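The following account leads through one protein model, from its overall organisation to individual side-chain contacts.

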Amino acid sequence: MGTEIQQLSHRTSDHFKYLDRQTAQWLEKKPSAKSEATNPPLELAPTWADLTRTRTFFSNIRLTPISKISKWALHAFPSERVCELAQPRPYARGWQPELPLPTPVSRASLTAVASPRTCKLAQPKKRYSKPEPSHLSEPRPMTHLTSAHLSHLSMLASEFPKGEHPLYQRQRSARWPVSAAARNYFPSQRVLELSCPRIRKDVYDGYNPFVVSHAALCADPSPRTLQLSVPLPRKCTPKASPYHM
């Protein structure tokens, strides 16, 4: 124990004196000096040498919009298809060119006389702005109301509220008495069976979701079901047989 304590009490070695170390781990002794012989320079492959060069952009800049045309293009004779494609595309049926500005007005429109109804409709619509509410404004007299309106207003302003409908039922209280028959009721075996939750097996428990019951296999479909199971006639397209092609 004392030997280990003495070993730990010694000063650790200075690792910074090996500044030219060649490995990622500390060495116990100083590495040997480098030999004077050096590795020969590496020669780059032609592809790598090409990648090291500086790229030149826009080497073929056209100084004029006039390009040189070859003699073959000058003496070429276009085919019928090329001549057909060179024709301008016709306008669609019903297309009309835009009207010139300003649009000319016909003489009949200039000499037309508008009817009184047209003059009335040409007037801008009058919009009445609502007066701002003011607490200092005096109440208006109710002289424009008839006696029937006044009697109806007096009936609505009576102290008695509107009565409830005879068949209206109020909200049931949260606590209500339970009858003796419900307290002494004994459920049947069928009720107990229906009250239990249904147990469903998972796939790893042996449940097979693709099993068809015996009743479904022996079921006789109705004429309506058979009619709905047939695809629509418009979706039934005859398929060409590969042997007749």
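What percentage of the 245 residues of the protein chain counts as buried? The share is 0%, in a model that is predicted. Burial here requires a relative accessible area under 20%. The accessible surface of the protein chain amounts to about 28100 Å², and carbon and sulfur atoms account for 59% of that area.

The secondary structure consists of 11 helices, with 0 strands. Followed along the sequence, the chain accordingly reads α-α-α-α-α-α-α-α-α-α-α.

Cysteines may be considered next. A disulfide is, in general, a covalent bond between the sulfur atoms of two cysteines. The structure holds 0 disulfides. Cysteine 83 has a relative accessible area of 38% and is partly exposed. Cysteine 119 is likewise classed as partly exposed, at 39% relative accessibility.

The surface also carries a nonpolar patch, formed by Leu150, Leu153, Met155 and Leu156. Together these four residues present about 390 Å² of accessible area. Leucine 156 belongs to helix H7, which spans residues 147-156. With a relative accessibility of 59%, leucine 156 counts as exposed, because the threshold for that class is over 50%.

Charged side chains provide the remaining contacts to be described. Side chains of opposite charge can pair when their charged atoms come close. In this model the count of salt bridges is 3.

Glutamate 193 is exposed, its relative accessibility being 51%.

Another salt bridge links the side chains of glutamate 164 and arginine 170, and its N to O distance is 2.7 Å. Is arginine 170 buried or exposed? Arginine 170 is exposed, since its relative accessible area is 61% and the class begins over 50%.

Conventions. Residues numbered from 1 in each chain as written. Predicted model: local features only at pLDDT ≥ 70, side-chain atom pairs only at ≥ 80, totals over all residues. Heavy atoms only, no water. Helix = DSSP H or I, 4+ residues; strand = E, 2+ residues; numbered from the N terminus. Buried < 20%, exposed > 50% of the residue type's maximum accessible area, 1.4 Å probe, protein only. Areas by Shrake-Rupley, 256 points an atom, 1.4 Å probe, with all protein chains shown as cover. Disulfide = S-S within 2.5 Å. Patch = residues over 30% accessible without salt bridge, like charges linked within 9 Å, V, L, I, M, F, W, Y side chains within 5 Å.
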